[in-house]
Amino acid sequence: MNRKVIKPNFFILGAPKCGTTSIAAWLSEHPEVFFSPIKEPMFFYTDAAVRYVNRLDKYEQLFYGADPSHQAIGEASTRYLFSENAVPEILKYTTKPRFIVMLRNPIEMAQALHQQSLFDGDENIKSFDKAWSLQRDRENGRNIPKGCFDVNRLFYGQVCRLGSQLKRLYERVPKEDVLLIRNEDLKSDPQGEYRRVLGHLSLRDDGRHIFPIHNEAKAHRFGMVWHILRAMHRYIRKFGGPHIRSKLVQHLFELDQKPRQRKQLSNYTENQMIEYFFSEIELLEELTGWDLSSWKRPTIASRA
């Protein structure tokens, strides 16, 4: 018996460490929303060497639970904004999708991405200052950690060039189909930003008034245990299906986590980053009409 395919009609494109996990979690509890059971299938991220879901039938299985009561059907893969291929592939796959893009000061974003990469096991350099200085080497294939799942995420400058990425998106998609959310606005007024998302997706207000933050900066309590869990998780995803994770593995993941405070940048690295991202921030100002002058000045790093 052939099952009717219900395709997703909205995508959270990124960027990573900009609040996408929180928005995805809140939306997944809305009665008119069906969200992919895994947050980052990365199916359309075809410029990557490895994707969590790389077959169309496996991707479409993620949405088998959707039915006519779901007005918005979506997924969130934060590499899509960075990817050159993802949006064109999405536009070939489905008709008139809507997009949500989360944005953040790229200097903060790069540090938060480094911490997440450390936590995920894709990064092995604990000092962000040193990891930032290694980008050229890594672009040339040197100093890549063994077992790194996606080497692109180690190119912190490239991944966080949000101005260029948004410009490329606008060259492919009408602005009215894209909702932009700033990370600082999401933190200061989560209810207001959530309602903007509902309006963009033509959904009724479900009355949500509690907005827990998800995927904050974290570290591992037990280093060796993490390596075992990581191997188990990837084996399960490869052979058991992308949506499967045992309750035991999930519980062990949660026990292993502890909060992590981000260290302040050295003045030298911060000035380097301001220079690197200056034109990107100016491009964002031009594209959005926002005043982002505070992003172009040295600041004390906040928590990821």
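Which residue forms a salt bridge with Asp137? The points below take up this pair and related features of the structure, which is a predicted model.

1. Asp137 is paired with Arg142, and their closest N and O atoms lie 2.9 Å apart. Asp137 is partly exposed, at a relative accessible area of 25%. Arg142 likewise counts as partly exposed, with a value of 42%.

2. A salt bridge also joins Asp122 to Arg153, with 2.8 Å between the closest N and O atoms. This pair links distant parts of the chain, the two residues being 31 residues apart. Asp122 sits in the loop between helix 4 (106-120) and helix 5 (128-133), while Arg153 belongs to the loop between helix 6 (135-139) and helix 7 (156-159). Asp122 counts as buried because its relative accessibility is 1%, under the 20% limit. Arg153 is buried as well, at 9%.

3. Lys39 and Glu40 form a salt bridge whose closest N and O atoms are 3.0 Å apart. Glu40 is buried at 17% relative accessibility, whereas Lys39, at 21%, is partly exposed. Both residues belong to a network of salt bridges that also includes Arg79 and Asp150.

4. The salt bridges in the model come to 20 by count.

5. Turning to helix packing, helix 8 (residues 162-170) packs with helix 13 (residues 267-288) at an angle of about 35°, and their axes are 7 Å apart. Helix 8 contributes Leu162, Gly163, Ser164, Leu166, Lys167 and Tyr170, which meet Glu280, Leu283, Leu284, Leu287 and Thr288 of helix 13. By class, this contact has six nonpolar, three polar and two charged residues.

Definitions and conventions: Residues numbered from 1 in each chain as written. Predicted model: local features only at pLDDT ≥ 70, side-chain atom pairs only at ≥ 80, totals over all residues. Heavy atoms only, no water. Axes fitted to C-alpha atoms, helices over the stretch in contact; angles between N-to-C directions. Helix = DSSP H or I, 4+ residues; strand = E, 2+ residues; numbered from the N terminus. Contact = heavy atoms within 4.5 Å. Nonpolar A, V, L, I, M, F, W, Y, C, P; charged D, E, K, R; others polar. Salt bridge = Lys/Arg side-chain N within 4 Å of Asp/Glu carboxyl O. Buried < 20%, exposed > 50% of the residue type's maximum accessible area, 1.4 Å probe, protein only.
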